[in-house]
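Dear colleague,

Please find the structure below, together with its sequence.

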Amino acid sequence: MAKKVVLAYSGGLDTSVAIKWIKEKYNMDVIALCIDVGNESDFTAVQQKALKVGAIKSLVKDAKETFVNHFVFPALQADAIYEGQYPLATALARPLIAKLLVDTALEEGASAVAHGCTGKGNDQVRFDVSVNALAPNLKIIAPAREWGMTREQTINYAQQHDIPVPITVASPYSIDENLWGRSIECGVLEDPWTEPPEEVYAWTSSPSEAPDKPGYVEIGFEKGIPVALDGQKMDGISLIRQLHELAGMHGVGRIDHLENRLVGIKSREIYEAPAGVVLFQAHQALEAMVLSKDQLRFKQKIVPEYADLIYNGLWFSAMHQDLAAYVKSSQRFVTGTVRVKLLKGKSTVVGRQSPVSLYSHSLATYDKGDVFDQSAAPGFIHIWGLSVKTQAQVQGISNPEANS
Ligand code: ARG
């Protein structure tokens, strides 16, 4: 009996060709596994296609809830945005897909897993590192990294083997989509000087075409997790989808980033993440109200670490566990509501409130009701500035211009 391999299947050209190619090259039986992380395609059609192309079994697993609750929301609590721009939609889905590949391989008695990544991107790293951490005995096959075919040759191979070539192949863009965002690359986008054509966007209106009247939304958080929109409680999937609609309509959520890949390449990436953009902003605004200055400063230090770790495929590392424990603890009081205004491509936080707010009106106000004891200020300043004064008296203050 031929050995079995579980392939992460998308229904696209590369993974369809991979089913045939693996059979020819490795003589292994392919079990196709399609993971639903909110990429709205027709999963029954995808499932059928895998069988038609030659998979011995074709599975679809709905992982949306796990994706939102165990990957997306913890990253939101961490404020994890790569290089200050990318909400990590693609990067967050990879370790989850890797986990489900491994689980399925064990269930099906397969000796290998396979994915459709090329050898130039981050996704291969995320899959391989995750699979190796979870099940080091499984072999990893990456056909698109191994076969050395150009796009043209892959299409030829498909035609020769009776594999339907999707019409999307005509599109010059490489698109990865899930519930948290869309990632678009290739085609004219490879010229960093060229403005992205309107056609690359699917979830957001052009800001110039967006309504002239602002939209408002109130986002309710509990312990750093968004749980309500405009006072209405809802599950994470519905909340994200509803926010995509609303923010997208106002042209909010477009990101154009020249990014540093782990494999040493700079690449121009376009992202659409309407809900992500709004939720990160709102979450940070609420943290500003309920966390102390020290907590905020420290969190800002670990944000880039956390985002890098996700981007670089280290989801299943011990370091991640440690950082996640800190982040979870930091969210104990991140409860409250944030009001966001959406207008012509821009989202702005215009209000925030919390039952555990550290903002004290009677301390902050310059009006009636002020309880801040101003007479204590000179004593505080005396001690605060003591070391500066002492040093200046002994050593003088050098004129910065004289130093050059
Ligand atoms: N640059 C992003 C990342 O590494 C997105 C990759 C998108 N992949 C794709 N096939 N378009 O996470």
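With which residue does Arg261 form a salt bridge? The partner is Glu185, and the closest N and O atoms are 3.6 Å apart. A salt bridge here is a side-chain nitrogen of Lys or Arg within 4 Å of a carboxyl oxygen of Asp or Glu. Arg261 is buried at 15% relative accessibility, whereas Glu185 is partly exposed at 22%; buried means under 20% relative accessible area, exposed over 50%, and partly exposed in between (1.4 Å probe, protein chains only).

Please note that this is a predicted model, in which local features need pLDDT of at least 70 and side-chain atom pairs count only at pLDDT 80 or more, while totals for chains, interfaces and linings use all residues. Residues are numbered from 1 along each chain as its sequence is written, and side-chain values use heavy atoms, without hydrogens and water.

By the rule above, there are 21 salt bridges. Among them, Glu287 pairs with Lys299 at 2.7 Å between the closest N and O atoms. Both Glu287 and Lys299 are buried, each with a value of 3%.

Asp123 and Arg126 also form a salt bridge (2.6 Å, N to O). Asp123 is buried at 18%, and Arg126 is buried at 3%.

By contrast, Lys52 is exposed, with 61% relative accessibility. The C-alpha atoms of Lys52 and Glu198 are separated by 35 Å.

Yours sincerely
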